[in-house]
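Student: I have this model open and would like to go through it piece by piece. Start with the strands, please.

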Amino acid sequence: MRIFLAAAILMFCTSLKAQLQPGYEVKATTDFKNAKMYLGTYYGKNKRLSDSAIADANGLAIFKGSAKLPQGIYFIVSPKYVILFELLMDEKQHFSLAYDSTKPGEIKFTGSPENELFSDYTIFLSKVSPSLNALQQKMKAAKTAADSSAAAKDLAAKAGELTAFRNNIVNNKSNSLLAKLLEIAKVPERPQMPKREDGTLDSLYPFYYVKDHYWDSVDFNDDMILHTPFFDSKLDEYYKYYVSPNPDSIINEVNYMMLASRENNDVHTYLLGKFTDKYINPEFMGQDKVFLFLFQNYYSKGDTTWLNEKQRKYIFDRAYSLMANQINEQASPLELSDTSGRALSLYNIKAPLTFVAFWDPHCGHCKTQIPRLDSFYTAKWKNEGVKILAVCTNDAVVDDWKKFIVDNKLNGWYHGYETPQKKAELAANKQPDYRQLYDIFQTPSFFLLDEHKKIIAKGLSLEQYDELIAAKLKSLPVSQ
């Protein structure tokens, strides 16, 4: 009993000593000799080099540092920047490995139980992956329902082998880094639809079950999640498939993640940057509201130390430009001069819908889109009471602007521009002009306003505006 206890204590002390060793030291022996090798890691959707070392005549390269590396998935990179293989970096960061390019799947680790387990997993993965890919192709190429069904059955069986192997690691090596990584990568399986009390099936239950448990195994305060190749893609899939495109729904999800990560600066900053990139110029109309939420709750409150001056200026300028032209908000006044020099005001235009077009007669895209806009107007909108206010964004070419209007017979529109005198007046009073108020950084830019001059839509194609106008006019009272 004493011998067993002494051995257990020795093993514990040895393990503790390995964990308490300062910094990291990875001794990597490969086929590359007298060459520069690299140690890299994932960082979200990107890859980064963490260290470099010169391999000696025996192919030994020692990656060494005084501070421990963040835990996660790393890789050894050849002198020509080719990733040779992956490895895990857990708490024990002093170990050795040997790699033979003629046996790429067989990497020998010494002093790293985590990587021995990871090596077994990658070997199994290399054996099962070709079969999975072949069965997927077979199912796609199936010409009959029977062939497709047979291939699907074989694919499910093979996928089950992989799932069982992973579950075995998670269940029997639950304290390992690999088990933790597998859990982070895992997406919950959809359960069967349960029956309601009236006997009908609850078709929404599987969706909400997955959504509610999607992040169960992810700690947003652990920067290890950034050092994987799957966290960023898992994030993208969540917002694509499980979050409504409505900006308020997105804001709720974004706010949860920002609050959940506030104890880890790396994860918090990464998420702030990712969400900013995604919603500063969003794919769908109205989602720039998410960016404004981030600006008002983080950037404007001083969370800018990680930005360089150029980035900071862009974010602040973009936010100020978007604040005044949000969907369902009142459009900013436009006090212009028409082609004859008379005053022209947006709010004096009375119409059930007002279409505002910012354009430049020297802009190639405008020369195509503005005549197309007139086609929609003359064919439908004019008879339906829609008014167009077209704003020339280039006061240096007023004569060309007027000529374009005449040549293209843009009749029935309201045409205006901001005179140099008006611009000077606004600047002297430190007031924003329409470029900032309407976020005009490219032409043409289009807005659709309701009868009270609230913004209904922006950033759509002319075809989309046409569909929206038809729907809006249809919903208006007959007296309109």
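**Strands, helices and a cavity**

Student: How do β2 and β3 pair, and over how many bridges?

Tutor: Strand β2 (residues 36-43) and β3 are antiparallel, paired over eight bridges. Two strands count as paired if DSSP finds at least two bridges between them. Tyr42, for example, has Lys47 in β3 as its bridge partner.

Student: Before I go on, what am I looking at, and how is it numbered?

Tutor: This is a predicted model, where local features need pLDDT of at least 70 and side-chain atom pairs count only at pLDDT 80 or more, while totals for chains, interfaces and linings use all residues. Residues are numbered from 1 along each chain as its sequence is written, and side-chain values use heavy atoms, with hydrogens and water left out. Helices (H or I, at least four residues) and strands (E, at least two) are DSSP runs numbered from the N terminus.

Student: Back to the sheet. What is the strand order?

Tutor: The order is β3-β2-β5-β6, an open sheet of four strands with antiparallel pairing. At the edges stand β3 (46-54) and β6 (83-89), each with a single partner strand, so one side of each has no neighbour in the sheet. On average, neighbouring strands are turned by 30° against each other, direction ignored.

Student: Which helix lies across β5 and β6?

Tutor: Helix α4 (residues 177-185) lies across β5 (72-77) and β6, and runs at about 105° to β6. Axes here are lines fitted to C-alpha atoms, for helices over the stretch in contact (heavy atoms within 4.5 Å); angles run from 0 to 180 degrees between N-to-C directions.

Student: And where does β7 sit?

Tutor: In an open sheet of four strands with mixed pairing, in the order β4-β1-β7-β8. β4 (60-65) and β8 are the edge strands, each pairing on one side only. Ser96 is the bridge partner of Lys27 in β7, and the partner of Ser96 in β8 is Thr110.

Student: Which residues are on the covered face of β7?

Tutor: Phe95 and Leu97 are on the covered face, with His94, Ser96 and Ala98 on the uncovered one.

Student: Asp232: buried or exposed?

Tutor: Asp232 is buried, with a relative accessible area of 4%. Asp232 is in helix α6 and touches Gly44, Lys45, Tyr270 and Lys274, not counting residues up to four places away in sequence.

Student: How many cavities are there of 30 Å³ or more?

Tutor: One. A cavity is a set of points, on a 1 Å grid over the protein atoms alone, where a 1.4 Å probe fits but cannot get out; lining residues have an atom within 4 Å of a point. The largest cavity has a volume of about 50 Å³, volume being the space filled by probe spheres set on the points, which are joined across faces, edges and corners.

Student: What lines the largest cavity?

Tutor: Leu235, Asp236, Tyr239, Lys274, Phe275 and Lys278. α6 (231-241) and α8 (265-279) each supply at least two residues of that lining.

Technical notes. 1 Å grid on protein atoms, 1.4 Å probe; cavity = no way out; pocket = protein on both sides within 12 Å on 5 of 7 lines; lining within 4 Å. Buried < 20%, exposed > 50% of the residue type's maximum accessible area, 1.4 Å probe, protein only.
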